[in-house]
Amino acid sequence: MTDLLAGSLFALLAGIVGGAMNALAGGGTFATLPALIALGLPSNIANATSNFALLPGACSSAWVYRHELRPLGGVGVWTLAIITFFGGLAGGILLVVTPTQVFDVIVPWLLLFALLVMMFGVKASQWLHARVTIGARTLVVAQVLLGIYGGYFGGGVGLIMTAVYGLLASASAREMLAPHTLMLAMANLAAGLIFLWFALIDWRTCLPMLTGAVLGGWLGAHVGKKLPPTIVRLWTLLVTAITTAVFFARAYG
């Protein structure tokens with residue numbers, strides 16, 4: 001009983017941190033996934049549980065921004081949402097068929113990819129956009145891949161979308177907020193349905209983590225109004241870098 005209560009409290013606290021990170025800058029998976037693995041869950045079960053625990057926060061954020069949705073790069077936002085949903089389904093199924101041992105090897109590289117996008121994605125997209133013009137078809141293809149990534153893993157996918165939209169749709173950071181929030185919710189929802197169907201969610205840890213994520217999202221939204229953007233970015237990068245290093249040591253150490 002004591003171990004169960006301690007595990008639930010740990011999951012609750014990780015959910016608070018993850019929900020706050022998502023509200024501030026994204027990357028909540030980097031707090032919730034390692035916490036679940038530390039509680040003894042296999043990495044694929046931990047990833048599915050983390051995804052589902054963060055889903056209500058993603059959906060509520062999308063609802064808040066619903067009146068600001070506009071076409072992106074010449075493509076209707078609901079067209080992109082449908083593409084993302086089916087990509088998320090494919091990503092969720094891909095996770096289901098990935099053996100745990102294989103996922104353990106893949107995860108550190110996915111984390112490293114997300115970390116690099118966080119560090120250089122926006123500047124890289126600005127540099128490329130100043131030199132190349134990319135049309136709506138490329139945006140659709142990119143959205144398919146983003147949906148699959150979001151359903152399969154999802155770590156840092158919101159930040160990756162921001163970088164991609166800056167390059168492909170010439171959108172400002174403010175213009176990207178509403179569509180990227182909706183796409184994140186669609187990918188998480190699609191993957192969550194797959195994880196429910198295949199019973200990949202550990203409910204003992206998911207429920208307290210979900211509760212914490214909702215609370216953390218509320219707190220993060222309020223704290224974010226007072227914190228300088230630089231502090232938020234440094235905190236997100238620090239958590240992501242530490243998590244990436246831990247997972248590389250776990251997989252290859």
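Modeller: V17, W235, L238, I242 and V246 form a nonpolar patch on the surface, and together they have about 450 Å² of accessible area. Keep in mind that this is a predicted model. Helix 10, which covers residues 229-252, gives the patch its largest share, with four residues. V17 sits in helix 1, residues 2-24. How exposed is V17? Its relative accessible area is 35%, so V17 counts as partly exposed.

Now stay with helix 10 and look at R250. Side chains of opposite charge can pair when their charged atoms come close. Here the side chain of R250 meets that of D104 in a salt bridge, at 3.4 Å from N to O. D104 belongs to helix 5 and R250 to helix 10, so this pair ties together parts that are 146 residues apart in sequence. R250 has 41% relative accessibility, so R250 is partly exposed.

The count of salt bridges comes to two. The other pair to look at is D202 with R204, where the closest N and O atoms are 3.5 Å apart. Are these two partners buried or exposed? D202 is buried, because its relative accessibility is 13% and the cut-off for buried is under 20%. R204 is exposed, because it reaches 59% and the cut-off there is over 50%.

Back to helix 5, which spans 100-129: the loop between helix 4 (77-97) and helix 5 holds T98. T98 is buried, with a relative accessible area of 9%. What does T98 touch? Setting aside residues up to four places away in sequence, T98 touches N44, F103 and Y152. With Y152 there is also a polar contact, side chain to side chain, at 3.3 Å.

Last stop is helix 6, residues 136-152, where you'll find L146. L146 is buried as well, at a relative accessible area of 6%. Leave out its neighbours within four places in sequence, and L146 is in contact with V157, I160, M161, V164 and Y165. And where is G158 relative to L146? The two are twelve residues apart in sequence, and their C-alpha atoms are 9.3 Å apart in space.

Notes:
Residues are numbered from 1 along each chain as its sequence is written. This is a predicted model: local features need pLDDT of at least 70, side-chain atom pairs count only at pLDDT 80 or more; totals for chains, interfaces and linings use all residues. Side-chain values use heavy atoms; hydrogens and water are left out. Helices (H or I, at least four residues) and strands (E, at least two) are DSSP runs, numbered from the N terminus. Buried means under 20% relative accessible area, exposed over 50%, partly exposed in between (1.4 Å probe, protein chains only). A polar contact is a pair of N or O atoms within 3.5 Å; within protein, one must be able to donate a hydrogen and the other to accept it, and residues adjacent in sequence count only if both atoms are side-chain atoms. Contact means heavy atoms within 4.5 Å. Patches are made of residues with over 30% relative accessible area and no salt bridge: like charges are joined within 9 Å, nonpolar side chains (Val, Leu, Ile, Met, Phe, Trp, Tyr) within 5 Å. Accessible areas come from the Shrake-Rupley method with a 1.4 Å probe; for residues, only the protein chains shown count as cover. A salt bridge is a side-chain nitrogen of Lys or Arg within 4 Å of a carboxyl oxygen of Asp or Glu.
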